[in-house]
Amino acid sequence: MSNSDNYEAAASGASTEVASFADTKKGFVGQFQHALHVNPAIVPLIVLVAAIIIFGLLLGSRFFSPFALTLILQQVQIVGVLAAAQALIILTAGIDLSVGALAVLCTVVMGQFTFRYGLPAPVAVAAGLAVGTAIGAVNGWLVSRMKLPPFIVTLGMWQIVLAANYLYSNNETIRSQDIEAEAAFLQFLGTKINISGAIFTLGVVLMIGLVFGLAYALRSTAWGRHVYAVGDDPEAAELAGVNVHKTLMSVYMLVGFICGLAAWVMIGRYGSVSPSATTGVIGNIQSITAVVIGGISLFGGRGSIIGAFFGALIVGVFELGLRMAGADPQWTYLLIGVLIIAAVTVDQWIRKVTA
Amino acid sequence: MTQPILKGRNLTKRYGKVTALDNCDFELMPGEILAVIGDNGAGKSTLIKALSGAVIPDAGTVELDGKPVKFQSPIDAREAGIETVYQTLAMSPALSIADNMFMGREIRQKGLMGQLFKRLDKKEMERIAREKLNDLGLMTIQNINQAVETLSGGQRQGVAVARAAAFGSKVIILDEPTAALGVKESRKVLELIQDVKSRGIPIILISHNMPHVFELADRIHVHRLGKRLCVVDPKKYSMSDAVAFMTGAKEPTQAEAEAVAV
């Protein structure tokens, strides 16, 4: 350091006070923004509660009854399970367009394995879950190893799975009565539990259990932290010692498995197995909608799965509420469209907390 | 004579037609700060990545503590006790300081919750993270659970250095630790580096900042055109000499080039 100008000495006279974080400029809005940054599921929760209150006031006890409120849960159980799967993928900064089609294919596998091959129903369910997991693994491998964009991979897989589903089933529906008579286990998740007018199906219980189980895994296990880190910045995660490939594979396989669960829920809900169920075509968009309204960032790494669950419930409340109010169903779609844009706007606003 | 703790021999790495590393040798002695300087494109980063497992060299050998090692990934190198602070810092901005410090080596709770439900011991990780930051005098950070993206550049750098210091048992590699920092923040990081050195952990410092290099380094590895040109002693050479060597304005004499051997 002999001949260098000792320029740092000039800074020695400066204030040695460390940056203190005065909250003066923040105020209520700032604190709210900070709270959202820490806990992004608050927004959809507020929207959900507000929607229930508004419809409750408008429709009175017709809407505000144990029966109607649990009916919403029953109506969203399939989308809710798919949204849990979609949330996982979106947290890794991906997107999965094949979830709905995959669920339908799994219902067909469960049905055909029982009725075409005469296998016991539990074996057929296990086979359906295995098919889901295997296709999830293919998606994961293409995304993680071949470095293909998730949008493209799952766009292709969506078409492949949907077509395979029609080809394999010969476009035949298995009737509800047949399933009930010969393989009731396939409809197991449709079993109803009546608690003084509130009706829960086992599918609803599974959906809630799944959401809370995943929320726990994401928050409190190393795997969960890795999912967020991979979604945030995969290179940084790799350098910090996360096995990005393994994390992505585990997420895509788990998502495939959850699609299998959604299939089982579907059979419970509809009773029958139909390869042309609408879930195959719109399940992906429905699940993405729930995830986005639930405050999960499409850029990955931010948001909570509970939020996605709230998102699915918001859609369910709007659908049932508006139908009970006798509104044109198009209003539902219009309002959901508004909610999607509003949710992404809020997401951008929350991110500004860093700036 | 002491043996180098980390030694590279004839390291070669090509990217297509570009030879980033050309039969490069490298030595890091125990307890020293070795600065690596070189012009842009000289292959400093590739050399460091070859030593930290981020790049697998096409040829050549790396020895750690006299034993040959072949790292396939940064995780391998970390397990061997080599910690790297990358220029990009390798942190997940949305996650907390504690989460980032323990990324990839989380601590699980003891007992059933840990084994069966794989529950993380957040309390313990926060305690250790706070302790490590304290050790390095970084307690201007108030909340160990605040997201890394809410920290200033200097604080982030501090957390990254603290992470490396907390887990690096053999070697710590710092890539441009002061590049993005202001004068005062740089000073803080330089003190951190001295502090880490005083615990006996050798450090490889890559920097373009000559005053910082000459202040900290015990020896300076001058990298030019994919290989080690010479190793100079900052007490015997001036900054202008070092710059002249690394830009090719001046060739080291035979004696200077041979002074490489420690």
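Student: Which residues of α2(A) are buried?
Tutor: The buried residues of α2(A) are Val43(A), Pro44(A), Leu48(A), Ala51(A), Phe55(A), Gly56(A) and Leu59(A), where buried means under 20% relative accessible area, exposed over 50% and partly exposed in between, with a 1.4 Å probe and protein chains only. Helices are DSSP runs of H or I with at least four residues, strands are runs of E with at least two, and both are numbered from the N terminus. This is a predicted model, in which local features need pLDDT of at least 70 and side-chain atom pairs count only at pLDDT 80 or more, while totals for chains, interfaces and linings use all residues. Residues are numbered from 1 along each chain as its sequence is written, chains are lettered from A and ligands numbered from 1 in the order in which they are written, and side-chain values use heavy atoms, with hydrogens and water left out.

Student: What covers those buried residues of α2(A)?
Tutor: The cover includes α1 (27-38), α12 (279-293), α13 (305-324) and α14 (329-351) of chain A, counting contact as heavy atoms within 4.5 Å.

Student: And how does the span of α2(A) agree with its 18 residues?
Tutor: At 1.5 Å a residue, helix α2 (residues 42-59) of chain A should span 26 Å, and its end C-alpha atoms are 25 Å apart, which agrees; the expected span is 1.5 Å times one less than the number of residues. After α2(A) comes Gly60(A), with a positive phi near 65 degrees.

Student: You listed α12(A) in the cover; how many of its residues are buried?
Tutor: In α12(A), 11 of the 15 residues are buried, so the helix is mostly covered. Among them are Thr279(A), Gly280(A), Gly283(A) and Asn284(A), and α12(A) is followed by Gly295(A), whose phi is positive, near 85 degrees.

Student: What about chain A as a whole, how many helices and strands?
Tutor: Chain A has 14 helices and two strands, and 53% of its 355 residues count as buried. Its C-alpha atoms fill a box of roughly 90 × 50 × 35 Å along the principal axes.

Student: Changing topic, why does Thr114(A) count as buried?
Tutor: Thr114(A), which sits in helix α4 (residues 99-115) of chain A, counts as buried because its relative accessibility is 11%. A polar atom of its side chain lies 2.6 Å from the backbone oxygen of Met110(A). Leaving aside residues up to four places away in sequence, Thr114(A) touches Leu119(A), Ala121(A), Ala124(A), Ala183(A) and Leu186(A).

Student: Now the interface: how many residues of chain B are in contact with chain A?
Tutor: In chain B 35 residues are in contact with 29 residues of chain A, and the two chains bury about 2900 Å² between them, 60% of it on carbon and sulfur atoms. Buried area here is the accessible area (1.4 Å probe) that two parts lose on being put together, summed over both.

Student: How many salt bridges are there across it?
Tutor: The rule finds two salt bridges across the interface, each being a side-chain nitrogen of Lys or Arg within 4 Å of a carboxyl oxygen of Asp or Glu. One of them joins Arg302(A) and Glu149(B), with the closest N and O atoms 3.1 Å apart.

Student: Which helices of chain B supply at least two residues to that side?
Tutor: They are α2 (74-79), α6 (153-167), α7 (183-198) and α8 (210-216) of chain B, and the largest share, four residues, comes from α7(B).

Definitions and conventions: A polar contact is a pair of N or O atoms within 3.5 Å; within protein, one must be able to donate a hydrogen and the other to accept it, and residues adjacent in sequence count only if both atoms are side-chain atoms.
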